[in-house]
Protein chains: 4
Amino acid sequence: MTTSTAQTAAGYSATPKTMRASVLKRQGDMAVETLEVPQLEPDQVLVQVAAVGVCGSDVHYYEYGRIGDYVVDHPLILGHELSGRIAAVGSAVDAARIGKRVAVEPQRPCRKCKQCKAGRYNLCPDIEFYATPPIDGAFAEYVTIQSDFAYDIPDSVSDEAAALIEPLSVGLWACERADIRPGSRVLIAGAGPIGIIAAQAARAFGASEIYISDIAEDRLAFALEHGATHALNARTDNVEGLDVDAFIDASGAPQAVRSGIKAVGPAGKVVLVGLGADDVELPVSYIQNREIWLSGVFRYTNTWPLAIQLIADGKVDLDVLITGKFTLAESEEALKAGKQPGQLKAVVYPGR
Amino acid sequence: MTTSTAQTAAGYSATPKTMRASVLKRQGDMAVETLEVPQLEPDQVLVQVAAVGVCGSDVHYYEYGRIGDYVVDHPLILGHELSGRIAAVGSAVDAARIGKRVAVEPQRPCRKCKQCKAGRYNLCPDIEFYATPPIDGAFAEYVTIQSDFAYDIPDSVSDEAAALIEPLSVGLWACERADIRPGSRVLIAGAGPIGIIAAQAARAFGASEIYISDIAEDRLAFALEHGATHALNARTDNVEGLDVDAFIDASGAPQAVRSGIKAVGPAGKVVLVGLGADDVELPVSYIQNREIWLSGVFRYTNTWPLAIQLIADGKVDLDVLITGKFTLAESEEALKAGKQPGQLKAVVYPGR
Amino acid sequence: MTTSTAQTAAGYSATPKTMRASVLKRQGDMAVETLEVPQLEPDQVLVQVAAVGVCGSDVHYYEYGRIGDYVVDHPLILGHELSGRIAAVGSAVDAARIGKRVAVEPQRPCRKCKQCKAGRYNLCPDIEFYATPPIDGAFAEYVTIQSDFAYDIPDSVSDEAAALIEPLSVGLWACERADIRPGSRVLIAGAGPIGIIAAQAARAFGASEIYISDIAEDRLAFALEHGATHALNARTDNVEGLDVDAFIDASGAPQAVRSGIKAVGPAGKVVLVGLGADDVELPVSYIQNREIWLSGVFRYTNTWPLAIQLIADGKVDLDVLITGKFTLAESEEALKAGKQPGQLKAVVYPGR
Amino acid sequence: MTTSTAQTAAGYSATPKTMRASVLKRQGDMAVETLEVPQLEPDQVLVQVAAVGVCGSDVHYYEYGRIGDYVVDHPLILGHELSGRIAAVGSAVDAARIGKRVAVEPQRPCRKCKQCKAGRYNLCPDIEFYATPPIDGAFAEYVTIQSDFAYDIPDSVSDEAAALIEPLSVGLWACERADIRPGSRVLIAGAGPIGIIAAQAARAFGASEIYISDIAEDRLAFALEHGATHALNARTDNVEGLDVDAFIDASGAPQAVRSGIKAVGPAGKVVLVGLGADDVELPVSYIQNREIWLSGVFRYTNTWPLAIQLIADGKVDLDVLITGKFTLAESEEALKAGKQPGQLKAVVYPGR
């Protein structure tokens with residue numbers, strides 16, 4: 001049986017009414033359940049999920065049952081880094097999209113508020129974002145998304161790379177806000193997935209010197225192979241005085257943030273990506289005396305087209321980040337995988 | 001006798017070889033002394049000082065003998081807010097400038113470094129700034145400055161207002177960096193001279209709502225008459241949630257900075273003008289979640305022409321800020337004046 | 001009888017099913033007709049039109065039956081400068097809006113394309129704009145518009161001023177793009193309604209010198225009273241060499257455009273508002289040698305909130321522009337009024 | 001004998017008093033002459049010229065005796081694309097610079113005017129530029145330049161590539177002004193040296209699609225090998241509708257400019273590098289309706305550091321452009337070389 005309001009293509013397998021999903025029932029408790037396939041709005045597409053990357057925020061919800069004010073007080077489907085194939089389309093969407101492979105931008109801005117109309121839809125106060133209570137995410141066979149947030153991908157882009165466009169977007173947005181340009185010198189703190197992706201993004205933006213710092217030598221070695229030009233051990237190397245044009249924090253560690261700021265030269269930029277404490281002591285007079293600009297990233301806007309282009313052109317390589325592959329039933333294991341040494345990025349395949 | 005390398009105008013009184021200056025001998029010890037008139041470089045003018053405003057930094061050097069790494073370890077002439085009349089010009093300067101009334105921008109950038117050539121000469125690492133050890137300032141009958149940093153002023157601008165273009169420049173530069181625009185809503189913390197000047201600058205930039213906060217009701221009342229549209233008592237009114245486009249701190253108080261940041265809406269700007277502790281705990285996640293940009297001002301660049309225009313057009317009124325007038329011999333008294341209730345700005349007249 | 005899909009407020013007079021409208025049947029042929037009140041989409045409001053300004057483009061459609069590729073090949077309701085009162089709301093709109101006085105931004109972008117999502121919805125290729133074939137305009141008792149494009153106005157803003165927010169928006173957008181700032185020196189060619197409004201907008205943006213040029217002395221005199229600081233007779237005064245920061249053309253005259261460009265100094269801006277020939281000979285080497293940026297305005301984005309603020313604050317005065325008032329039945333007369341000497345802006349009242 | 005005011009390094013060969021130079025006596029008349037080595041100002045260095053690229057403007061002065069208002073009414077040394085070695089330094093320059101290989105930025109801004117202090121020294125009205133009457137250029141054994149305009153180059157950068165940093169700077173500046181970014185789609189008209197260099201610059205700025213158009217198939221083929229991703233024959237391929245983000249004209253051909261503008265999408269950029277007629281008919285309504293920004297480049301500012309970095313990193317390759325090498329005595333031949341088929345860039349070696 002097919003969902004009643006959606007178009008499906010002739011010859012394309014009909015959309016089922018139910019689906020399997022991995023549900024976070026409450027803190028630390030996940031289970032695969034059978035749920036109804038979500039209903040399509042007229043401007044949405046139904047995506048059969050191919051691959052889902054595991055993000056630190058998924059892990060945090062699993063472990064703590066909350067992030068800040070967002071509390072898992074009802075069952076929630078995690079996962080917001082995803083790719084798939086369009087299985088059906090809403091009544092206002094061109095049926096020719098059915099069957100297309102897509103990367104999904106997992107947010108639904110209102111499109112009507114001051115922020116949306118100014119081109120900053122990531123700051124929309126009414127935005128719905130996947131896997132953020134009470135909005136379900138992608139550890140499921142099917143998800144819905146507004147058609148214009150499902151981007152066609154070429155054959156050369158793998159399902160996994162397409163899923164990882166989401167963290168790549170964070171890196172691109174950080175580089176955009178950090179004003180990385182040809183010849184820029186940049187310091188990135190933290191050689192986890194976001195740090196390495198930010199390094200690749202910085203390279204794509206033309207940075208000539210990309211310093212990355214971490215306490216794990218294996219991560220530094222990997223980062224040097226896949227984006228960074230210089231590696232610094234955060235325990236033994238002093239970054240202060242590097243005089244870089246930009247500092248991107250992907251560590252969330254207060255001490256790394258403070259040191260990183262002091263690595264920045266006059267008129268430089270600081271962009272905080274990593275999430276740590278709500279309040280952090282910062283070297284304010286250092287910032288004032290050099291007129292440094294400091295900000296953060298909150299997700300991203302309009303990054304998918306560039307991300308797809310960069311992957312297709314071979315300017316970034318996301319596949320190398322994947323260190324674990326899991327079926328839907330193994331979702332809980334996938335969430336725990338990142339804690340293991342040598343692990344960077346786990347991917348869940350909801351169809352398996 | 002005249003200085004040998006300088007041109008003086010026919011009929012203009014010859015420049016003397018010596019002058020009186022009020023010298024900070026060491027922390028807390030000032031004295032009027034007779035010194036040699038400074039020698040002119042080819043591209044400089046000699047300015048007979050008419051009026052000098054007293055700045056909080058002058059007071060700080062007097063009271064503590066240092067500001068951060070800048071230590072008064074040799075006798076120093078204070079004062080960097082000044083106007084005067086050109087008494088002589090260097091060999092490369094048009095002699096027609098002699099006799100002109102001027103407002104002085106009290107800094108000498110190198111003009112050759114990366115920052116200078118990018119139009120950010122305030123960030124020049126080799127800049128010389130008046131009244132910052134070891135560079136002498138303006139509590140003296142004569143000073144020298146590069147000719148292009150002495151700006152002609154019309155008759156309608158008083159000596160006192162011309163001197164106060166320096167703090168006005170701080171306010172204009174803060175508004176520039178805070179991206180104040182027609183219709184902006186802005187919060188300013190601190191209703192001292194800089195806060196009130198920033199309010200007037202914000203009004204000149206078109207801000208429609210200008211909130212100012214302080215703990216002194218008399219200062220708030222004065223600010224409401226001279227620039228602000230709303231006054232808030234920092235002890236009793238909560239600024240968080242105001243959702244302003246920009247926050248300018250002119251208080252240097254950590255708690256005011258933290259509250260002020262939380263008054264800013266998505267994509268807003270924070271500009272820290274006030275100097276306080278080197279390190280301050282800031283609400284980093286608040287900044288990240290709204291992609292707020294935070295920075296400071298370090299002096300200013302290219303603000304004198306606009307400042308003169310605004311004064312001449314009556315869009316700012318600096319004369320109202322002056323609450324005390326002093327002769328050169330009374331310089332020490334002038335430095336102490338600001339501590340009295342109801343006092344905003346003291347002016348010293350080196351020629352009296 | 002009320003329209004079936006719309007909410008109407010208890011106690012508020014029910015929306016009729018039919019309305020009167022002044023329809024352009026074909027080039028030069030207008031007639032008042034009785035039409036169905038337009039149906040509301042869920043996100044729209046129905047506005048009972050209070051006042052409509054007459055724009056040059058309305059006149060052009062009336063006289064020539066086309067503007068460029070837009071041809072009046074079906075009956076069309078003209079008018080796109082309007083204010084009114086919300087009579088009914090779509091199913092997704094808060095019923096509390098019913099009865100509110102509003103200024104209408106007369107465009108319906110798709111909200112989904114690259115331009116819309118980048119905050120440039122005026123460049124949306126699928127936009128619908130009032131009174132542009134085949135989209136009907138506002139010479140009618142009722143119109144529909146998306147709720148977020150109907151802006152609440154305070155009591156202090158007249159119906160007529162609220163209608164003229166549309167041309168004010170053109171002026172504000174021109175100043176925005178021309179980077180008018182405190183202290184800017186600007187030349188505006190053409191002292192018709194748009195030129196005078198642009199002068200007022202420039203003043204609100206802080207421009208210190210606002211030159212306006214025209215061949216009609218009475219218009220220049222009026223402009224001097226209502227926004228400009230200097231008037232230039234385009235026949236006798238040479239604007240070349242004025243060295244302004246920005247030139248805004250509101251004349252559409254090729255010779256005025258060429259002269260105006262040569263009035264601009266290095267790194268200045270040229271913004272062409274006036275519509276003239278498709279192709280114009282421009283002084284390209286002059287532009288290159290000074291790195292001047294030249295562009296145009298195509299309507300506006302996100303200008304209504306600022307416009308309402310400026311009117312409410314008394315920083316612009318639109319009521320002074322109105323030189324003729326007409327009933328709906330007199331629409332054709334209103335279209336012809338602008339050709340008379342001394343006439344600036346005609347307003348039609350569809351409810352009269 | 002050494003020049004009296006300059007420092008020379010111990011052990012370094014003393015600077016001679018005279019030098020050979022190739023002088024344009026008048027239109028079409030060049031001769032090698034013996035002239036005095038130019039005197040050093042305190043802030044200058046004396047550069048022993050290694051290599052000089054021949055630019056179209058050199059050829060134009062040779063053929064026509066003028067460019068616009070600049071007339072060769074006194075003997076003039078041509079050449080403004082140069083590298084060399086520091087032979088002596090002025091009294092204010094660190095003597096440690098003697099012996100260093102440098103690329104020379106051939107301009108001397110005043111550093112004091114509004115444009116210079118705003119970071120736009122290329123627009124300085126008092127700038128002196130090499131080989132522009134009456135300022136001599138580099139077809140000579142020695143030249144002088146302000147020390148900060150002589151940039152150290154690493155061993156990996158050839159003399160020839162270092163000389164061609166000047167035209168590379170034009171390309172970089174064009175890309176900067178055209179806002180070329182990662183993923184940009186750009187059209188370049190003209191596959192001569194500047195067009196090919198602009199293509200390489202665009203690639204370094206991250207452009208993903210770089211269309212180049214020309215009428216010469218051999219130039220197109222070369223451009224495809226060295227920077228462009230797509231080649232278009234200007235006679236047979238229609239560029240209109242390409243919908244690129246930016247159009248850079250390096251042809252100076254009015255028809256190419258007009259077509260190129262119509263290749264640009266909404267909010268795109270047009271940067272005119274090529275010099276052609278003073279006045280050109282442009283599609284103004286096309287520009288207005290899409291809010292395209294159009295400007296030109298006038299030389300460049302602050303491009304040498306990036307240029308050196310890009311060459312050293314292998315991101316641009318200038319050596320491939322060189323198709324002819326000449327001694328000083330062959331300068332006239334070098335000027336004529338560019339007219340031959342298959343010739344791109346001639347280099348003169350003043351030391352040979």
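This is a predicted model: local features need pLDDT of at least 70, side-chain atom pairs count only at pLDDT 80 or more; totals for chains, interfaces and linings use all residues.
Local features need pLDDT of at least 70, side-chain atom pairs count only at pLDDT 80 or more, and totals for chains, interfaces and linings use all residues. Residues are numbered from 1 along each chain as its sequence is written, chains are lettered from A in the order in which they are written, and side-chain values use heavy atoms, leaving out hydrogens and water.

Let's start with the extent of the interface. Chain C brings 37 residues to the contact and chain D brings 37 residues, where contact means heavy atoms within 4.5 Å. Together the two chains bury about 3100 Å², with 54% of this area coming from carbon and sulfur atoms; buried area is the accessible area (1.4 Å probe) lost on putting two parts together, summed over both. On the chain C side, C:Gln288, C:Glu291 and C:Trp293 give 25% of what chain C buries against chain D, more than any other three residues.

One joins C:Lys114 to D:Asp245, with the closest N and O atoms 3.7 Å apart.

Finally, look at the strands, which are DSSP runs (E, at least two residues) numbered from the N terminus. β18(C) pairs with β18 of chain D (residues 280–282) in the antiparallel sense, over 3 bridges; pairing requires that DSSP finds at least two bridges between two strands. Here C:Glu281 has D:Glu281 in β18(D) as its bridge partner.

Definitions and conventions: A salt bridge is a side-chain nitrogen of Lys or Arg within 4 Å of a carboxyl oxygen of Asp or Glu. Helices (H or I, at least four residues) and strands (E, at least two) are DSSP runs, numbered from the N terminus.
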